[in-house]
Amino acid sequence: MSAEPAPPVVARHHWLVRVTHWVSAVAIAVMVGSGLRIFNAYPAFARKGETFCCYPFAGTPIPRSLTFGGWLAGARNWHFAMMWLLVATGVTYVAFLWLHGEWRDLAPRRGDARDAWEMVKFYAFVRRDHPHQGKHNALQKLAYFSMPFVGMLIVLSGLAIWKPVSLGWLTALFGGYVWARYWHFAGMTLLVLLAVGHVFMIFAVDPYALRSMVTGRYDERLSPEARNARPFYHLLPPRRRPRPSAPASDDASPAVHADATTTTAAATGGTP
């Protein structure tokens with residue numbers, strides 16, 4: 001009897017990618033919460049006596065349950081501590097992608113816009129079958145590729161707010177202190193939206209990827225493409241069909257043919 005083929009479990013995430021992923025998740029959560037606590041110290045962008053065009057909620061503080069740090073000084077300490085941790089983690093991650101060659105999985109390619117539109121059609125039940133993909137589909141690539149650039153916007157605008165005098169050229173590049181603060185807030189909002197979308201799609205489309213971000217290994221039989229999975233649709237693995245029984249071989253032994261012939265002759269009263 002032939003041996004069963006090895007299960008299609010592949011190495012998906014390097015240990016360095018997994019470590020930086022989870023460290024970044026914690027750092028971003030703390031940074032967002034502490035940043036919102038800092039924002040509540042003055043929940044507006046315009047200076048007193050002035051107006052600002054692009055924030056209709058001026059004067060309305062962020063709910064305290066969404067903030068972190070307790071008070072302004074404590075929030076600032078947490079915010080700067082996580083800032084350096086996140087910068088170090090981000091640089092390490094990007095350097096690994098470049099040196100290890102994994103940036104090729106995320107770099108935009110010709111046809112990505114078309115493939116992204118096909119994924120949208122699939123999620124909207126306009127297209128029946130899951131588009132062919134590699135490690136990431138086109139929408140994932142777009143989100144993952146944009147995250148480092150959003151992070152750069154947040155870091156640079158944060159430095160412009162932190163050192164508006166010694167880094168005056170950087171603050172001026174963002175349009176002044178008020179606009180630098182606004183772009184920092186906007187970048188944080190965009191990063192949160194990307195993170196929330198990422199977490200939602202993990203649980204709604206590919207919960208098996210969560211295990212791979214812990215162990216580093218992924219079962220290709222459970223991929224969204226193999227399951228034809230949409231959000232909350234076809235989440236379970238496809239049913240395994242029973243293996244068909246092997247048909248009788250034409251080159252059976254002469255003894256087997258002889259027995260069959262004898263039995264037939266006896267039943268009909270004839271000779272073999």
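Predicted model: local features only at pLDDT ≥ 70, side-chain atom pairs only at ≥ 80, totals over all residues.

The chain's mean pLDDT is 86, and 85% of the residues score at least 70.

**Confidence**
- Helix H5 (residues 168–173) comes out highest in the chain, at a mean pLDDT of 96.
- At the other end sits helix H9 (residues 254–268), where confidence is lowest, with a mean of 45.
- Residues 251–272 have pLDDT below 50, and beyond near neighbours in sequence this stretch makes six contacts in the model.

**Helices H1 and H7**
- Helix H1 (residues 15–40) and helix H7 (residues 208–215) have axes that come within 8 Å and cross at roughly 110°.
- An angle of 65 to 115 degrees counts as roughly perpendicular, so that's the label H1 and H7 get.
- On the H1 side, the contact uses Arg18, His21 and Trp22.
- H7 answers with Leu210, Ser212, Met213, Val214 and Thr215.
- Sorted by type, the residues of this H1–H7 contact are four nonpolar, three polar and one charged.

**Lys141**
- You'll find Lys141 in helix H4 (residues 138–162).
- Its relative accessible area is 10%, and since buried means under 20%, Lys141 counts as buried.
- Leaving out residues up to four places away in sequence, Lys141 touches Asp105, Leu106, Ala107, Arg109, Asp112 and His136.
- Take Asp112 from that list: Lys141 and Asp112 are 29 residues apart in sequence, with their C-alpha atoms 8.7 Å apart in space.

Methods: Residues numbered from 1 in each chain as written. Heavy atoms only, no water. Axes fitted to C-alpha atoms, helices over the stretch in contact; angles between N-to-C directions. Helix = DSSP H or I, 4+ residues; strand = E, 2+ residues; numbered from the N terminus. Parallel < 35°, antiparallel > 145°, perpendicular 65-115°, else oblique. Contact = heavy atoms within 4.5 Å. Nonpolar A, V, L, I, M, F, W, Y, C, P; charged D, E, K, R; others polar. Buried < 20%, exposed > 50% of the residue type's maximum accessible area, 1.4 Å probe, protein only. pLDDT = per-residue confidence, 0-100.
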